[in-house]
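Please keep the sequence and the coordinates in view while reading.

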Amino acid sequence: MAGKGTPATALLGKQKVAHELHAYDHDPRAESYGLEAVEALGLDRSRVFKTLVAEVDGRLVVGVVPVTGQLDLKALAAAAGGKKAKMADPAAAQRATGYVLGGISPLGHRSRLPVVVDETAYSFDTVYCSAGRRGLEVELAPADLIRLTNAVVAPIAAP
C-alpha cells in the first residue's frame, strides 16, 4: 500500500476494519468523480457512494449518497437536526476534511464532522466510497462505515 496511505486508510487499519482498496487512474477531465470510479472499476453504480459537504444552520455536515442520485439538502438538514442546508464552500470543505474535492472520504476527517449516510447503504453487503484521494475507492461493510463515522442513517438521496 506504499504511496496510497490516507487518513481514511490509516483509520481503517488502526480499527482493524475489513476493507479492500480499489485504485484506478484518475482522469482530470472527468466530470463526475463517482461515475468515473464506477466506469474505471466496473462497479455497480448503486453501490458507489459520494461524499458531499454541506452547511446546515452554519455548521458543516457530511452527506454520503449514491453517485446515481443527488443530495436532498432539506432531508440532510432534518437528519442533522437543523432547519436549512446549502452546499458548503469548497475551500471550507477541503479545510475541514483535509481532503481535496473529488477525494473527500467520509472517513478520517481533519475536523470531527457530523455524517449522515443514505439509508440505501444498508441494501448491500459492501459499499464503495472515496478512500481519501482521487483514483482510490474503499470497499467496506455499510455497518463499519456508519460505526466509524458515528453516522446517522436517513433517506437523504434524491433521484
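A nonpolar core is a set of buried Ala, Val, Leu, Ile, Met, Phe, Trp, Tyr and Cys residues joined through side-chain atoms within 4.5 Å; buried means under 20% relative accessible area, exposed over 50%, and partly exposed in between, with a 1.4 Å probe and protein chains only. The model is predicted: local features need pLDDT of at least 70 and side-chain atom pairs count only at pLDDT 80 or more, while totals for chains, interfaces and linings use all residues. Residues are numbered from 1 along each chain as its sequence is written, and side-chain values use heavy atoms, with hydrogens and water left out.

The largest nonpolar core holds 28 residues, of which Leu-12, Val-53, Val-117 and Leu-145 touch the most other members. Among the elements that each supply at least two residues of this core are helix H1 (7-14), strand S2 (49-56), strand S6 (115-118) and helix H5 (142-149). Helices (H or I, at least four residues) and strands (E, at least two) are DSSP runs, numbered from the N terminus. A second, separate core of 12 residues includes Val-61, Val-65, Leu-76 and Ile-156. In soluble globular proteins, nonpolar side chains tend to be buried together.

Turning to the sheets, two strands pair if DSSP finds at least two bridges between them. S6 and S9 run parallel and are joined by three bridges; Asp-118 stands opposite Ala-154 in S9.

Another open sheet, of three strands, has the order S1-S8-S7 with antiparallel pairing. Here strand S1 (19-23) and S7 are the edge strands, each with a single partner strand. Five bridges pair S7 with S8 in the antiparallel sense, and Arg-133 stands opposite Leu-136 in S8.

Strand S7 also contains Ser-130. Is this residue, Ser-130, buried or exposed? Ser-130 is buried, because its relative accessible area is 7%. Contact means heavy atoms within 4.5 Å; not counting residues up to four places away in sequence, Ser-130 touches residues including Phe-49, Gly-103, Ile-104 and Val-138. A polar atom of the Ser-130 side chain lies 3.2 Å from the backbone oxygen of Gly-103.

Conventions:
Polar contact = N/O pair within 3.5 Å; in protein donor to acceptor, adjacent residues only side chain to side chain.
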